Amino acid sequence: MDVEITYSDIDGLLILKSKSAKWPASSNTYILTSGNKSVIIDPGCGFSQRAKLIEKILEKKNSHSSVVLLTHAHPDHMGAARFLKAESFLAHEIEVKYARNPELLSESFNIPFIKSRYVRYVKFDLLKYFEKLCPIYGVKALPFPEEINFGDYRIQPILTPGHSPGHTSFYIPDESLVFSGDLLGEIMAWYSPASGGVEAYAESLKRLEKLKAETIMPSHGDPATSSRIEKEKEILEQRERIILEEVEKGVNSREELLKTLFGDKWNFLTNLLILESHLIKLEKEGKISEIS
Ligand SMILES: [Zn+2]
Ligand SMILES: [Zn+2]
């Protein structure tokens, strides 16, 4: 089993923490209970064991009805949703179509563009790639309201795109707690042009910072504090600086830039998406011209 169960200091919050923070290991699952109701944030990869474990916990807690909240519709977060007997599955209205039809994820992962630019990805099939690692199935997701009230909790969805178009963090002001999804984690998440790119990602970090939440619960890894926001902002700036320095030196190829930025892992899909996001921003700002 890839999961350990931990309890938090916050009343009624249970954490199913994935032992590996590495992508695409299942995301952490957060279960909030109040009376006999629960909210499940990100059920995890589409293996039935994870869903069975969640159902067992709900039974033990005497929870008769539950709602699933999705930070976003990536396989490592929502795959297990279809095995759950939840009352409803809620995601941001922008993200709903991906949750209902995972085939569309190719769009937010910019796969058609990647195929046209990078020869080794010509035959790449995103859902096949995830099949064994972290399978995904669609669920009949609905858009969540502006505020989710359940039992003692008041949950505010905060749109934080960049990693996915409708990526959402869930904020509980009364507990000074925010579930940050993939925006902030042990390993910094990637961003893609179709999800808003590096600009949206940086803006989302600022939005998260403004909340001044004491505790940040990411979807991968351990709870974080705001110092990690600062660290991620620096990584974004550093990447941009490296690209500009290389271009200044006369480097004019994506492959070279990728190798400088990511070393051995340069041709990993998510790294390509990161580079493309920066190139689009820098071209728009007139700081670089066409890179081959
Ligand atoms: Zn993700
Ligand atoms: Zn994730």
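S106 touches I111 and L126, leaving out residues up to four places away in sequence; here two residues are in contact if their C-beta atoms, placed from the backbone, lie within 7 Å. S106 sits in helix α4 (residues 105-108), where helices are DSSP runs of H or I with at least four residues and strands are runs of E with at least two, numbered from the N terminus.

A word on what you are looking at: this is a predicted model, in which local features need pLDDT of at least 70 and side-chain atom pairs count only at pLDDT 80 or more, while totals for chains, interfaces and linings use all residues. Residues are numbered from 1 along each chain as its sequence is written, and chains are lettered from A and ligands numbered from 1 in the order in which they are written.

How open are the two sites set side by side below? A residue is buried if 20 or more other C-beta atoms, placed from the backbone, lie within 10 Å of its own, exposed if 12 or fewer, and partly exposed in between.

| Residue | C-beta neighbours inside 10 Å | Class |
|---|---|---|
| S106 | 18 | partly exposed |
| T225 | 12 | exposed |

T225 lies in the loop between β12 (215-218) and α8 (227-248). Its C-alpha atom is 19 Å from that of S27, 198 residues away along the chain. For S106 and G151, 45 residues apart along the chain, the C-alpha separation is 37 Å.

Now for the whole protein. It has ten helices and twelve strands. The radius of gyration is 19 Å, close to the 19 Å that the globule rule gives for 292 residues, so the protein is as compact as a globular protein of that length; the radius is taken over C-alpha atoms, and the rule is 2.2 Å times the number of residues to the power 0.38. Buried residues make up 43% of the 292.

The largest nonpolar core has 68 residues, and L70, F89 and A99 have the most contacts inside it. Such a core is a set of buried Ala, Val, Leu, Ile, Met, Phe, Trp, Tyr and Cys residues joined through C-beta atoms within 7 Å. Leaving aside neighbours within four places in sequence, the contacts of A99 include L70, F89 and G138.

Finally, a helix pair: G197, V198 and E199 in α7 meet S277, H278, I280 and K281 in α10.
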